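Hi,

Here is the structure I said I would pass on. Have a look at it first, and then read my notes below.

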Amino acid sequence: MTSAEGNAGVEPSIRSASLLESFRDSDTAVFTAMLLALGLYYLVPGLVSAAVGGAVFFVLTLMRPNLSLATVPLAAPLFYRQRAFVISADHTLYFSLAEFIILTGVAAWVLRDGWTFLRSNRSGGRADPVQSMRRLVGDPQSAFRNPSVFAAIFLVIGVLWLFVPPGIIRNVALREFRVTVFEPVLYFALILRWARTSADVWRIAGAWLVAGALVGREAVAQYVLGQAALMEGVGRATSVFPSATALGIYLGKALPLSVTLFALLPNTRSWRLWRIACGLFSLVIGLGVLASFARGAWIGVFVALAAAAIIARHKWMLAALGAVVLAGLAALPFINITRITSAFDFSTEDNTGVARAKIWAAALRIIKDHPITGIGQDQFLYADPSYGVPQLRFFTVSHPHNWILDFWLRLGLPGLLWLVALLVFFFRHAYLLWARLRGSAAGALVLGLIASMIDFVVHGLLDMAYFTMDSALTFWTIVGLVTILDRLSPVVGEAVRS
């Protein structure tokens with residue numbers, strides 16, 4: 001073979017290697033490929049398509065695990081539309097897309113770090129497994145860089161409380177533990193392990209807002225086209241959720257984030273597209289919240305945005321919120337929609353306050369008999385009828401419509417104390433972080449995440465707050481993003497000062 005012939009054979013290999021490296025180094029190319037692989041796995045029927053799409057996504061996650069983090073917020077709203085695997089004529093398995101992504105991410109994590117450990121030992125070097133753990137717990141000198149301790153405690157409580165319900169219905173508790181405790185905590189661990197840069201943080205936040213906008217768009221389309229379920233004289237959109245209330249719970253956490261970013265992101269060329277996008281997201285998500293007619297969502301969003309405006313002393317946000325209040329009060333005498341007017345009619349059981357008061361009273365009767373342990377995860381639906389859990393209107397009375405009572409019943413007094421401690425911890429340290437980063441894009445993001453958590457607290461006093469997979473993933477996304485921003489804050493803070 002001549003030298004020219006040899007070079008001719010080498011050049012295609014070099015070009016292929018170069019293309020592969022270019023693909024691997026391109027965030028946009030790899031992330032797009034991940035979305036296509038997930039589409040093949042989730043949307044195309046058949047086990048072959050699921051296997052191929054899943055395998056491709058696993059390989060891509062193995063290559064760039066930080067990029068796969070952003071696919072979880074995109075998949076979270078699809079929890080109620082799970083992938084069906086037909087095993088036989090009378091047996092079908094259902095698996096949510098978010099679960100698949102999280103478990104794939106964990107498998108890639110184990111393989112990557114395991115291979116690094118083995119390779120280090122074989123080469124005669126000394127592997128340092130502590131380095132991997134430090135990415136989870138952060139700097140032990142900083143309190144908020146150790147929220148993994150809270151996650152670990154939550155996981156332990158969840159495991160122990162699997163033994164509280166009777167064995168005959170323990171499988172229900174096990175399923176809820178898997179989708180609202182175990183897998184969301186795994187996702188939080190993945191964020192701590194792989195989110196290392198501001199780009200990773202903004203990618204996750206952007207994916208969450210894109211998902212919210214897509215869900216909101218579907219809700220608006222349902223309402224405009226008359227496809228929304230008629231209830232109390234008005235069509236209530238549900239989008240991809242089983243109920244309009246579930247839609248309001250989900251969108252109610254995304255809207256404060258998008259509005260806060262739109263109002264507070266720096267008005268510079270580098271952030272102008274983000275501001276425009278957040279403005280459009282706010283419009284679509286806001287219309288989705290309105291179309292849900294979830295009054296708890298309206299209250300939660302208003303309080304969250306009011307708190308953000310007060311903290312930031314943002315005059316335009318305060319003025320806009322004041323105008324909304326005045327317009328609402330002025331229009332109230334002329335509104336003839338039962339869904340709205342029934343909130344002020346306490347003479348019937350259709351009133352939200354009356355209905356919830358009965359549910360809360362039943363929950364308190366249960367807690368009186370089980371003050372320490374509660375009754376276990378997802379057991380409210382199976383409570384003894386003597387406690388008087390009501391069956392009212394459209395209420396799915398499988399939870400007490402209040403996060404204090406809900407955590408107490410599901411995870412006992414330790415679970416409730418855990419959540420209260422975490423919320424105090426979160427708000428205190430997130431506020432201090434915002435004060436350090438005030439005036440920067442990262443500061444705007446921190447304040448938006450604070451507002452989202454305020455919606456969790458306020459709306460959660462009236463509806464489900466945590467124990468669905470989409471809500472649990474959103475909760476840990478908020479905590480995870482603030483944690484990573486805190487780790488990055490010395491760099492961001494220096495940029496702000498300069």
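How many salt bridges does the count come to? By the rule used here (a side-chain nitrogen of Lys or Arg within 4 Å of a carboxyl oxygen of Asp or Glu), the count comes to eleven. Before the details, a word on the source: this is a predicted model, where local features need pLDDT of at least 70 and side-chain atom pairs count only at pLDDT 80 or more, while totals for chains, interfaces and linings use all residues. Residues are numbered from 1 along each chain as its sequence is written, and side-chain values use heavy atoms, with hydrogens and water left out.

**Salt bridges**

As background, side chains of opposite charge can pair when their charged atoms come close. Helices here are DSSP runs (H or I, at least four residues), numbered from the N terminus. Arg-203 is buried, with a relative accessible area of 18%, whereas Asp-27 is partly exposed at 31%. The cut-offs are under 20% relative accessible area for buried, over 50% for exposed and in between for partly exposed (1.4 Å probe, protein chains only).

Arg-203 also forms a salt bridge with Asp-200, at 2.9 Å from N to O. Those two are three residues apart in helix H10, so about one helical turn separates them.

Now find Asp-463, whose salt bridge with Arg-356 has its closest N and O atoms 2.6 Å apart. Asp-463 is in the loop between helix H18 (441–459) and H19, and Arg-356 is in helix H16 (residues 352–369), so this pair ties together parts that are 107 residues apart in sequence. Both Asp-463 and Arg-356 are buried. Back at Arg-203, salt bridges with shared partners join Asp-27, Arg-64, Asp-200 and Arg-203 into one network.

**Aromatic rings**

There are 27 aromatic pairs in the structure. Rings of Phe, Tyr and Trp (its six-membered ring) pair if their centres lie within 6.5 Å, and planes under 30 degrees apart count as stacked, over 60 as edge-to-face and the rest as tilted. Tyr-41 and Phe-100 make a stacked pair, 4.1 Å centre to centre with 15 degrees between the planes. Tyr-41 belongs to helix H2 (residues 27–43) and Phe-100 to helix H6 (residues 97–122), 59 residues apart, which makes this a link between distant parts of the chain. Tyr-41 and Phe-100 are both buried.

The ring centres of Trp-271 and Trp-274 are 6.3 Å apart and their planes lie at 55 degrees, so that pair is tilted. Trp-274 is partly exposed, with a relative accessible area of 23%.

**Charges over rings**

Two arginines are worth a click. The charged end of Arg-193 sits over the ring of Trp-194, 4.0 Å from the ring centre, and that of Arg-83 sits over the ring of Phe-85, at 5.0 Å. This needs NZ of Lys or CZ of Arg within 6 Å of the ring centre and within 35 degrees of the ring normal.
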